[in-house]
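Here are my notes on the model you passed along. Please read them with the structure open beside you.

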Amino acid sequence: MKFLVCTETRSGKIEAISLEMLAAARTIAAPGDEVVALVVGDSATDAAARLGAADRVIAAIAPALSVPTAEAYARIARDVMATEAPDLIVMPYSATGLDVAPELAARCELPIVAYVVRLDRGDDGVAATSQIYGGKVMAKTRITGPAIAMLNPGSFPEAAASQVAAGALASLDPTPLLSNLRVELLGEDQPDLAEIDIATAERIVCVGRGIGDEGSIEIARELAGLLGAEIAGSRPVVDNGWLPKLRQVGKSGRKVKPRLYLALGVSGAPEHLEGMSRSDLIIAVNTDPKAPIFGVAHYGATCDLFDLVAALNDRLRAPAGS
Amino acid sequence: MHILVVLRMVPAPATEFEILPEGLGLDREWMDFQLNDFDDQALEEAVLLKEASGARVTAVAIGEGANRVLQMAMARGADDAVLLSGDEEAGLASPAGLAAALLPLIEERKADLILTGVQSAEDLFGQLGPYLAGRLDWPHISGTSHLAVAGGGLTVAQERGNGVVARYRIALPAVLGVQTSTKAPRYVSGSKLREAAKAPIAKGPAVDSLPADGARLAMLSMPLAGEGAENLGNVAEHVADRIAHILAERGLRAG
Ligand SMILES: Cc1cc2nc3c(=O)[nH]c(=O)nc-3n(C[C@H](O)[C@H](O)[C@H](O)COP(=O)(O)OP(=O)(O)OC[C@H]3O[C@@H](n4cnc5c(N)ncnc54)[C@H](O)[C@@H]3O)c2cc1C
């Protein structure tokens, strides 16, 4: 089998998900198989230093590709797919991958399997295990011909970053592929972390949609105060305007790894887990015993979050040890 | 501008998921269905664009309860409604099947902007927006918010992760996967809904939900829930005691 791993870079730097995808391909690659990594960016330096887990690296480098648009990436990937004819194309479930992978599936008439968290190899091909319904159901698909697999970030350990072997790095001039682009990147806005950076917080109290309404945030805020924690929220809480965007944890919010993550009324969708599953201690409170958050939590409780917060606030108001 | 917005009914997040004995489908009999959250945002964005620029909005819906959702879409401001029929028992929707049904509709209605939610909970076989765009050879962006008409195209924002937001200009015709509408989906009154219930709903093509050969569903299963989590129970007072204790033990109690 030939694997094409479509890596991601940002301003010349290889993103962690790229090494996870390489590791995923390596777990099912047999002797004699080949793992090829595609790099699209404005520099191949970091790629050459870190993508040694691939047998071969193809680098499409141009100044305009510092932050490649999905449109540009898809054109380059399609060009590489035409010459390499890979059996399995591995892409990330990232902002770019989410746009590139299904487009390529449509254009190249390939099947696509999304939200993949596990790959296995059998006699009859590759089995992919995906999380669907926000992580509430697992789906195993059997892939018997050329296909695209979109991998959830954080599902595979990162491959060790090592130097690409001499002669294994080839370059591809992307310029001819980049004319008449119909999507133009106007700019990027960085979060103003001077205000608050929850990624540096040691303790986080995170509220999910289970908190119900804006007014109820107050009791969670009191709990955060008693714990010396920052308050954070899942996407719906932020979308509803109950907490500022800078306090969103997850795929499109911040990635956090505090010593304590207390999740209240958070279901634990993969996009949320991506931002917090590596926290040291995760305690989750959710009335639904089947909530996926319990899959990553160290401690879980199925009581009502309001009862719990009231009781916990009482305990914490009293001096420790009493 | 003619906007076609695609609305999909999906199992409500709080519904009980029961897998059929063969493991290839869900027992849909007692499941609650609701409009996909992100499609709701897409509908709102379509109506906001109509209000800002005079676009025409056609709402297309599929799934259990789609008829009701189309009435709601009309009450919120859509001009036309089209109901796609599908085999509800056929299992997971595939973007390939849905795209095949949408392509002739898009051409017939001369739509030049397709809006749909960035994803649905059933997207095992890929997300509709970029898939459809690939079939149409139109530019596309997913994960979008803050759509605005600018020149001959649109400007949109997209969340890139870690709090970074990218801003783009995209030419029309285009497909956008909407993440968040510029304003929260509006509320419609009962009287407006009753009024909209009289509006005609056109019948669209049937959707074939079979995914492409080469990747097929082999088995559905429930995740090993609570695998790692030690259960603290469901009695708030006890749970609070345990948590206070765990925090004290780990030196995590402030003060
Ligand atoms: C491209 C993309 C990016 C995304 N990025 C993010 C992101 O950055 N962050 C993020 O969080 N999500 C993100 N999402 C959304 C994600 O898929 C989920 O929709 C979201 O995480 C759900 O939030 P929630 O858990 O708060 O809400 P829900 O899934 O609605 O869960 C609410 C939970 O509260 C529980 N509950 C209700 N009442 C109570 C009570 N009284 N006591 C205890 N428990 C109760 C319920 O059992 C339920 O499990 C993204 C999605 C996409 C497609």
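1. **Ground rules.** This is a predicted model, so local features need pLDDT of at least 70 and side-chain atom pairs count only at pLDDT 80 or more, while totals for chains, interfaces and linings use all residues. Residues are numbered from 1 along each chain as its sequence is written, chains are lettered from A and ligands numbered from 1 in the order in which they are written, and side-chain values use heavy atoms, with hydrogens and water left out.

2. **Who surrounds the ligand.** The shell holds 30 residues, and those that come nearest are Arg209(A), Ser234(A), Ser267(A), Glu271(A) and Asn286(A). A residue is near the ligand here if one of its heavy atoms lies within 4 Å of it. Because residues from chains A and B surround the ligand, the site is shared between chains. The shell divides into 10 nonpolar, 14 polar and 6 charged residues. In this scheme Ala, Val, Leu, Ile, Met, Phe, Trp, Tyr, Cys and Pro count as nonpolar, Asp, Glu, Lys and Arg as charged, and the others, Gly among them, as polar.

3. **Ligand contacts.** Asp304(A) has a polar side-chain atom 2.9 Å from a nitrogen atom of the ligand. The ligand taken alone exposes 990 Å², and the protein buries 85% of that; the areas come from the Shrake-Rupley method with a 1.4 Å probe. Helix H6 (235-239), helix H7 (270-273) and helix H8 (305-317) of chain A are the elements that give two or more residues to the shell. Helices (H or I, at least four residues) and strands (E, at least two) are DSSP runs, numbered from the N terminus.

4. **Cavities.** How many cavities of 30 Å³ or more are there? The count comes to 4. A cavity is a set of points, on a 1 Å grid over the protein atoms alone, where a 1.4 Å probe fits but cannot get out, and lining residues have an atom within 4 Å of a point. Grid points are joined across faces, edges and corners, and a volume is the space filled by probe spheres set on the points.

5. **The second largest cavity.** This one holds about 70 Å³ of space. Its lining draws on both chains, including Thr69(A), Asp99(A), His140(B) and Arg160(B). At least two lining residues each come from helix H3 (70-84) and helix H4 (95-108) of chain A, and from strand E6 (140-150) and strand E7 (153-161) of chain B. H4(A) supplies the largest share, 3 residues. By class, the lining has 5 nonpolar, 4 polar and 3 charged residues.

6. **Backbone points to check.** Most residues other than glycine have a negative phi, and most peptide bonds are trans. Ala85(A), though not a glycine, has a positive phi of about 45°; this residue sits in the loop between H3 and strand E6 (88-92) of chain A. Tyr133(A) has a phi near 50° and lies in the loop between strand E8 (125-132) and strand E9 (137-143) of chain A. Are these two residues buried or exposed? Ala85(A) is exposed, with a relative accessible area of 54%, whereas Tyr133(A) counts as buried at 6%. Buried means under 20% relative accessible area, exposed over 50%, and partly exposed in between (1.4 Å probe, protein chains only). In chain B, a cis peptide bond with omega of about 0° joins Leu172(B) and Pro173(B).

7. **A contact between chains.** The side chains of Ser252(A) and Glu159(B) make a polar contact at 2.8 Å. Such a contact is a pair of N or O atoms within 3.5 Å; within protein, one must be able to donate a hydrogen and the other to accept it, and residues adjacent in sequence count only if both atoms are side-chain atoms. Ser252(A) counts as buried at 12% relative accessibility.

8. **Chain B overall.** Chain B has 6 helices and 12 strands, and 53% of its 255 residues count as buried.

Methods. On a 1 Å grid over the protein atoms alone, a cavity is a set of points where a 1.4 Å probe fits but cannot get out, and a pocket is an open set with protein on both sides within 12 Å along at least five of seven lines; lining residues have an atom within 4 Å of a point.
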